[in-house]
Amino acid sequence: MEKWFNVGKIVNTHGVRGEVRVVSRTDFPEERYKAGSHLFLFQAGSKEPVKLTVKTHRQHKSFDLLTFEGLDSLNEAEKLKGAILKVSEDQLGQLEENEYYFHEILGCTVKTIDEEEIGEITEILTPGANDVWVVSKKGQKDILIPYIEDVVKKVDVKEKVIIIEPMEGLLS
């Protein structure tokens, strides 16, 4: 069974030549939306994704504006509103060392360097300089772990385990 990863949502049309407004969910818009790249369109009520080829890409305000080959009118673009754009697992690129895709981090168990289990990563926040991992611990308040070298000591996405060295006050 093929795995799919969300890269954006078509929220509206833009102009009369088939351009759509996309709220992007990718860290790599230049790569995902470059002319000639393939995206898969998932629409509510449709069983199979539709393969699209990007014709043009530009940014406007907080949106990515795309056109697709074979879709050249406002009427055709209107039908795409609300659809989700995804890529398949084999379209994911290699990341640098100590960089991870969100799907690799979500669900990981967090332990201290002393092997004390803290909980499971349920969400990733991206507020600014570094990501913050939300760790849920049964019956307790969520713990926020900054993804920085001083705290995160080891990430093993294959075993789904992350080892941290908590700074003072982090776990209380």
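**Reading the cores and the barrel**

The largest nonpolar core has 20 residues, and Ile 10, Val 20, Leu 39, Leu 66, Phe 68 and Leu 85 have the most contacts inside it. This is a predicted model, where local features need pLDDT of at least 70 and side-chain atom pairs count only at pLDDT 80 or more, while totals for chains, interfaces and linings use all residues. Residues are numbered from 1 along each chain as its sequence is written, and side-chain values use heavy atoms, without hydrogens and water.

Me: What is a nonpolar core?

Reply: In soluble globular proteins, nonpolar side chains tend to be buried together. A core is a set of buried Ala, Val, Leu, Ile, Met, Phe, Trp, Tyr and Cys residues joined through side-chain atoms within 4.5 Å; buried means under 20% relative accessible area (1.4 Å probe, protein chains only). A second, separate core here has 16 residues, including Ile 105, Trp 133, Ile 162 and Ile 164.

Me: Which residues does Phe 68 touch?

Reply: Contact means heavy atoms within 4.5 Å. Leaving out residues up to four places away in sequence, Phe 68 touches Ile 10, Val 20, Leu 39, Leu 52, Thr 53, Val 54, Lys 55, Leu 80 and Leu 85.

Me: How many strands form the closed barrel?

Reply: Strands are DSSP runs (E, at least two residues), numbered from the N terminus, and two strands pair if DSSP finds at least two bridges between them. Six strands form the barrel, in the order E1-E2-E5-E4-E3-E6, with antiparallel pairing. E3 (residues 38-42) and E6 (residues 84-88) pair over three bridges, and Phe 40 stands opposite Lys 86 in E6.

Note on methods. Helices (H or I, at least four residues) and strands (E, at least two) are DSSP runs, numbered from the N terminus. Buried means under 20% relative accessible area, exposed over 50%, partly exposed in between (1.4 Å probe, protein chains only).
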